[in-house]
Amino acid sequence: MRLLKVASCNLNQWAMDFDNNLQNIKDSISRAKEAGARIRIGPELEVTGYGCEDHFLEQDTVSHAWECLKDILLGDWTEDILCSIGMPIIHAGVRYNCQVFCLNRRILMIRPKMALANDGNYREFRWFSAWTFKDKLIEFQLPTDVSESISQHSAPFGYGYIQLLDASVAAETCEELFTANAPRIALALKGVEIFTNASGSHHQLRKLNLRMDAIKNATRFCGGIYMYSNHQGCDGGRLYYDGCSCIAVNGDIVAQGSQFSLKDVEVSTAIVDLDAVSSYRGSTSSFREQASHQEDVPSVRAPYKLCQAFNLGMVPSSPVEIRYHCPEEEIALGPSCWLWDYLRRSGASGFLLPLSGGADSSAVAAIVGCMCQLVIKDIEDGDDQVKADALRIGQYKNGEFPTDSREFAKRIFYTVYMGTENSSEATRSRAKRLADEIGSWHLNVDIDSVVSALLSLFQTLTGKRLRYKVDGGSNTENLALQNIQARVRMVLAFMLASLMPWVHSKSGFFLVLGSSNVDEGLRGYLTKYDCSSADINPIGSVSKQDLRSFLRWTAIHLHYPSLAEVEAAPPTAELEPIRSDYNQLDEVDMGMTYEELSIYGRLRKIFRCGPVSMFQNLCHKWCGKLTPSEVAEKVKHFFKYYSINRHKMTVLTPSYHAESYSPEDNRFDLRQFLYNSRWPYQFRKIDELVNKAADQRAANLPEQRPEDSDIKSGCGSGTGVVAVGSSNPNAGL
């Protein structure tokens, strides 16, 4: 037996924070060595952080990465352990995303990334080039200061593998795991046994199973050991990297790290048997035949041994059951960890949330409550870093420290209900009960006097008195009256976030949290700049349907029972007067249901549908429920308001990325924001298709009786398009 202990890491790196990142790398190596591991793999670009974006174009970023690597090589960190360290490297004027393999204070090989991620949230081609030479390793001249410090002038650079005396090791990097012609295939056929994958994979709801299946399949068909490492945490932007470092052997997962955690460093280890790889491969005749014809792959010879022979004290790790979180848990844990990183790194003293008692703001409050529970749990488990951060943020003195999530929330979380004459007692009561359950410092504020002052000023200036639509006013008046309330709340939220810490004799400031969901962003059913002028939004890329499921789950599992009542209430902005014969409802205002919005969003983004192809798809999907003309009206209605409100995405509150059809245009959804909202060509094509469908139907149906001429195939009341008078009311208080 050739037994080997290997280690894969989750690291919470921070873009451009070289001190923090270097310390985490050293800590992970130390933990791997203490556990007896002989190979350690870290995340992609772990030295700099993955999210440096255009900082990668700066020479300083690459220079600082080399300085950090030199620091590692000058110490004993790489003694008797093969370390893969991710960093950017410039060769011949070209910048590459690389893994640097180090052992015994020497660089054995530098492996540049060969398949770059360049879709969705990823723009690697903006900063790096892919290494395309599969037939050679070149000699890379090390920077002078590194070369002189470690007495090594050059290192092999390119595609290949490291052949040790008793094992062979090669690398893949993130995207290469998912490519059709993955590098590992030729390497496995050449006999390489161990593959490392340094990754920077972000969280997205319901995505982990795809990644884990890919990791298992990486060795299921070719055999081998696959070591996967990932970032975990907020690197400095909208993404949360969700860890799950793991180790796979011949198609089985034998070690898995956490997906969500407040820890800065987590190391997963496993004992693997390399002879089991040889046996697995040798048992498949097709593999043997293909391997016998495999062309040579460049390699680096390294005169070191890593394995141990048969040892009763070393037992190969057995397969483990993969841990998956349900979507409701993902919404609770991912944004909670993201918020904690943002809070502790921003220098803020806490959060302020305008809490309306509606589903969206209540979901945000529950996420902050979950964050507080995670902090207390990690303190109880002995995490000194989390404790130190909590003491600093909560401003504890005289040896006190947080022991209860509600007490901690009281120190770092303010909620404020900003009611008007249009607000109901039900939402006011729900907001208060939820705040009590979470433990936030809750304020109940009546803003009617401020709204009235603005309306009086307007009347003085113009001589005009504004009226709501239900009182006989125009659509213009109705929209203005709603937005005045939203803008007042925006200013008040900013004022409270800045001054309430001062009122309570605390230093610092509070971050304002937003609470618009992905569907409202897609439709534009939100106030531009957010009704609270928020700093960050933990649910901005979560659908309304998922949020409602989350509220039901949270009511039970996080012990916030008032959320069950919040979820059961119909969504309403409460910006218009309540009348016995009229209640403002979000879905009526929007002219579409949240379920329909989710469908439109997926077709628009994931399936890349324009108006015509969306109409065609929905004609099939809703066949028997809606006529083609009704489908056409719905599609036109959606694209009209999508295009009218697209400009709001340019200033959308930075939001946690969670959904594959997010309309956030900073990186994920790159489309223009000035449209011809009439879509004349596309809508004319839809009309032509509707007429064509009507002609086909008329040709295929028997003649109708006159009394049947008004019968439709629709689903009854509520299936048509609802006329709306406002394009951008504030969604929630």
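## A tour of rings, strands and charged pairs

Begin by selecting R523 and Y641, where the charged end of R523 sits over the ring of Y641, 4.2 Å from its centre; for this description, NZ of Lys or CZ of Arg must be within 6 Å of the ring centre and within 35 degrees of the ring normal. The model is predicted, so local features need pLDDT of at least 70 and side-chain atom pairs count only at pLDDT 80 or more, while totals for chains, interfaces and linings use all residues. Residues are numbered from 1 along each chain as its sequence is written, and side-chain values use heavy atoms, with hydrogens and water left out.

Select K136 and F133 next: the charged end of K136 sits over the ring of F133, 4.6 Å from its centre.

**Aromatic pairs**

A search of the whole structure finds 26 aromatic pairs, a pair being rings of Phe, Tyr and Trp (its six-membered ring) with centres within 6.5 Å, called stacked if the planes are under 30 degrees apart, edge-to-face if over 60 and tilted for the rest. Show F56 and F128, whose ring centres are 4.9 Å apart and whose planes stand at 55 degrees, so the pair is tilted. F56 lies in the loop between β2 (39-41) and α2 (59-74), and F128 in the loop between β5 (106-112) and β6 (137-141), so the pair ties together parts that are 72 residues apart in sequence; helices (H or I, at least four residues) and strands (E, at least two) are DSSP runs, numbered from the N terminus. Both F56 and F128 are buried, where buried means under 20% relative accessible area, exposed over 50% and partly exposed in between (1.4 Å probe, protein chains only).

For a group of rings, select Y600, W622, F638, F639, Y642, Y675 and W679, which ring pairs link into a cluster.

Now move to E44, in the loop between β2 and α2, which at 1% relative accessibility counts as buried. The side chain of E44 makes a polar contact with the side chain of N97 at 2.6 Å; such a contact is a pair of N or O atoms within 3.5 Å, and within protein one must be able to donate a hydrogen and the other to accept it, with residues adjacent in sequence counting only if both atoms are side-chain atoms.

Strand β3 (residues 82-91) runs antiparallel to β4 and is joined to it by nine bridges, strands being paired if DSSP finds at least two bridges between them. Nine of the 10 residues of β4 (residues 94-103) are buried, so this strand is largely enclosed by the rest of the structure. Six bridges join β4 to β5, again antiparallel, and L103 stands opposite R106 in β5.

**Salt bridges**

The whole structure holds 40 salt bridges, each a side-chain nitrogen of Lys or Arg within 4 Å of a carboxyl oxygen of Asp or Glu. Select E172 and R184, whose closest N and O atoms are 3.0 Å apart in a salt bridge; E172 is in strand β9 (residues 168-173) and R184 in helix α4 (residues 183-189), 12 residues apart. Both E172 and R184 are buried.

Finish with D436 and K432, a salt bridge with its closest N and O atoms 2.8 Å apart. Being four residues apart in helix α12 (residues 425-438), D436 and K432 are separated by about one helical turn.
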